[in-house]
Amino acid sequence: AGPLGLLGAAEGISYLAIVGIIGASVTTKVRTKAGLPAGPLGLLGAAEGISYLAIVGIIGASVTTKVRTKAGLPAGPLGLL
């Protein structure tokens, strides 16, 4: 399924979740000088760590693409990314 299909929707939702988790993490860090609490079974802390790793991966992919092709990542659905 193309970028506007089910896979594209799942990708968009995952980006929103990543941005939300990182936003909550940064806000908590600024206000309390500590990251997010671990949460039940450590799931919130794990989601926080995975979100930061995902952002590092996205930035790494962008830099790699920029170096190899002299252009950034291709525009996302409707040119929003």
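**Figure 1. Lysine 33 lies in the loop that runs between helix 1 and helix 2.** The model shown here and in the other views is predicted. Is lysine 33 buried or exposed? Its relative accessibility is 67%, so lysine 33 counts as exposed.

**Figure 2. Leucine 41 is another residue placed in the loop between helix 1 and helix 2.** Leucine 41 is not a glycine, yet its phi is positive, at about 60°. The relative accessible area of leucine 41 is 85%, and therefore this residue is exposed.

**Figure 3. The protein chain has 2 helices and 0 strands.** Helix 1 covers residues 6-32, and helix 2 covers residues 43-69. The chain has 81 residues, of which 10% count as buried. Its accessible surface comes to about 5900 Å². Carbon and sulfur atoms account for 76% of that surface. Among contacts in the chain with a separation of 6 or more, 38% are between residues 24 or more positions apart.

**Figure 4. Glutamate 48, a residue of helix 2, is buried and has no salt bridge.** Which side chain of opposite charge is nearest to glutamate 48? It is that of lysine 29, which is 8.0 Å away. A salt bridge needs a side-chain nitrogen of Lys or Arg within 4 Å of a carboxyl oxygen of Asp or Glu. Setting aside residues up to four places away in sequence, glutamate 48 touches Ile21, Ser25, Gly35 and Leu36.

**Figure 5. The side chains of glutamate 48 and serine 25 make a polar contact at 2.4 Å.** Serine 25 is in helix 1, while glutamate 48 is in helix 2. Where the relative accessible area is under 20%, a residue counts as buried. Serine 25 has a relative accessibility of 3%, so it counts as buried. Which residues does serine 25 contact, apart from its neighbours within four places in sequence? They are Leu36, Glu48 and Tyr52.

**Figure 6. A nonpolar patch on the surface is formed by Val26, Val30 and Tyr52.** Together these residues have about 260 Å² of accessible area. Valine 26 belongs to helix 1. A patch takes in residues with over 30% relative accessible area. Valine 26 has a relative accessible area of 42%, so this residue is partly exposed.

Technical notes. Residues are numbered from 1 along each chain as its sequence is written. This is a predicted model: local features need pLDDT of at least 70, side-chain atom pairs count only at pLDDT 80 or more; totals for chains, interfaces and linings use all residues. Side-chain values use heavy atoms; hydrogens and water are left out. Helices (H or I, at least four residues) and strands (E, at least two) are DSSP runs, numbered from the N terminus. Buried means under 20% relative accessible area, exposed over 50%, partly exposed in between (1.4 Å probe, protein chains only). Contact means heavy atoms within 4.5 Å. Accessible areas come from the Shrake-Rupley method with a 1.4 Å probe; for residues, only the protein chains shown count as cover. Lys and Arg count as positive and Asp and Glu as negative; His and the chain ends are not counted. A polar contact is a pair of N or O atoms within 3.5 Å; within protein, one must be able to donate a hydrogen and the other to accept it, and residues adjacent in sequence count only if both atoms are side-chain atoms. Patches are made of residues with over 30% relative accessible area and no salt bridge: like charges are joined within 9 Å, nonpolar side chains (Val, Leu, Ile, Met, Phe, Trp, Tyr) within 5 Å.
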